[in-house]
Amino acid sequence: MGVIDKFTSLDVKPVKAPVRARKAVAAPVPDVDLPLNSILKGDCIEHMRALPDASVDMIFADPPYNLQLGGDLLRPDGSQVDAVDDDWDKFDSFAAYDRFTKAWLAEARRILKPDGSIWVIGSYHNIFRVGTALQDGGFWILNDVIWVKANPMPNFKGTRFTNAHETLIWASKGEKAKYHFNYRVMKTLNDELQMRSDWNFPICGGQERLKKDGTKVHPTQKPEALLYRVLLACTKPGDVVLDPFFGTGTTGAVAKRLGRNWIGIEREDDYISAATQRIEAEMPLDESAVTTMQSPKAKPRVAFGTLVETGYLQPGAIICDAKRRWKATVRADGSLECGPETGSIHGLGAKLQNAPSCNGWTFWHYEDEKGLSPVDKLRQNYLLATTV
């Protein structure tokens, strides 16, 4: 597979100043030579060893759970549960599993950029061993996120609690390492509340569940909603996301949709075939749709004084609140004067209303031939005219 991610953008017509038209662009390509947007067949450790140091922005890993199942798992009616009994999930001992985990994590840490991060998902069978290996390998755990399954498989034997969750560990390269977290995006996604570390998603099902001849292609296919949140939380368009246990390509499908570059590593031919078809059929979002998901902190910050400097509002201009209760004069440094009171657009607005705070961009209005408009309109006009 070659590079398959391409995006188009919407032309934006500026209001007050000329701006070059935007062009349709593909996701940015890193400077280093990487097998972007392709699946590498074979052992994940060997393939990671071939990747350059500090070349990957994020890793999402869904390693073997080492379930250690003994015999078939049956339902009360005697039918067999389609559980994980594949060879790729079998290890001779915990020691063998630990050696494997430490080896692939060592390569993962090497290829991560200094400000990159890693997500690993697992069940109680393996996640504590993986967590220990992460810490022993120099990673710094930022969060453990609990994926609460809305529709978990019941415990058919009735001998234990129903296993209704899995755990994701999110870690940076070290205690003092910088890392990307799109806090504003997560808050917006969560109806303006801080995103918590307990996430509720149903297990993969319906049309999203890949099947062949009526049988699941992969026993532990992850829901796309889970990867959607992870990628939005820690990456931006054009970033490189590696999945060393690619399976049926959930990471690649979501990455393509969101304008991220991806690299998958997988050993099983059936999974590679299913992932290839799935990702080729995936449609990337328009560039403008992806852009709206980014944190406002990532956008150019515009000070009110900049609008004065650039002539969008002249010193001496009069602005007022929407009900025309207060009028203020714009001063040369971007401050406002209302009678004996002075201050910033936010500070003066709060003082006049005797309020703890005020969003001056929406409180203060200017008047033109069409009537009153919030000064935020001028800020948006400025951004449209200066952002290319």
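1. Start with one pairing. G122 has T167 as its bridge partner in β5. This is a predicted model, so read the pairing as a prediction. G122 belongs to strand β3, residues 112–122. β3 and β5 pair in the antiparallel sense, over six bridges.

2. β5 also pairs with β4, residues 140–149. Eight bridges join these two strands, and they run antiparallel. Within this pairing, V145 has L168 of β5 as its bridge partner. Strands of a sheet pair through backbone hydrogen bonds, either parallel or antiparallel.

3. How well covered is strand β5? Mostly covered: seven of its eight residues, 165–172, are buried. In a regular strand the side chains alternate between the two faces of the sheet.

4. Confidence next. The protein chain averages a pLDDT of 84, and 83% of the residues score at least 70. Two stretches need care. Over residues 1–26, pLDDT stays under 50. The model still has 71 contacts there beyond four places in sequence. Over residues 69–76, pLDDT also stays under 50. That stretch has 16 contacts beyond four places in sequence. Where pLDDT is low, the predicted coordinates should not be read in detail.

5. A second sheet deserves a look. Six strands form an open sheet in the order β14-β13-β12-β11-β15-β16, with antiparallel pairing. Which strands stand at the edges? They are β14 (341–343) and β16 (371–374). Each has a single partner strand, so one side of each is left without a neighbour in the sheet. Neighbouring strands of this sheet are turned by 35° against each other on average, direction ignored.

6. L336 stands opposite G343 of β14. Helix α10, residues 345–353, lies across β12, β13, β14 and β15 (364–368). The helix runs at about 145° to β14.

7. Now helix α7, residues 269–281. Does its length agree or disagree with its residue count? At 1.5 Å a residue, its 13 residues should span 18 Å. The end C-alpha atoms are 19 Å apart, which agrees.

8. Which residues of α7 are buried? They are Y271, I272, A274, A275, T276, R278 and I279. Note that the list includes an arginine, R278. An α-helix has 3.6 residues a turn, so residues three or four places apart point the same way. The buried residues of α7 pack against β1 (38–41), α5 (224–234), α6 (250–257) and β10 (261–266).

9. Two residues are worth checking for backbone geometry. D213 has a positive phi of about 55° although it is not a glycine. D213 is found in the loop between β7 (211–212) and β8 (215–216). The residue is exposed, with a relative accessible area of 75%. R324 also has a positive phi, near 60°, and is not a glycine. R324 lies in the loop between β11 (318–321) and β12 (327–330). With a relative accessible area of 42%, R324 is partly exposed.

10. Last, cysteines. C234 is buried, with a relative accessible area of 3%. C338 is buried as well, at 12%.

Notes
Residues are numbered from 1 along each chain as its sequence is written. This is a predicted model: local features need pLDDT of at least 70, side-chain atom pairs count only at pLDDT 80 or more; totals for chains, interfaces and linings use all residues. Side-chain values use heavy atoms; hydrogens and water are left out. pLDDT is the predictor's confidence in each residue, from 0 to 100. Contact means heavy atoms within 4.5 Å. Buried means under 20% relative accessible area, exposed over 50%, partly exposed in between (1.4 Å probe, protein chains only). Helices (H or I, at least four residues) and strands (E, at least two) are DSSP runs, numbered from the N terminus. Two strands pair if DSSP finds at least two bridges between them. Axes are lines fitted to C-alpha atoms, for helices over the stretch in contact, and angles run from 0 to 180 degrees between N-to-C directions. The expected span of a helix is 1.5 Å times one less than its number of residues.
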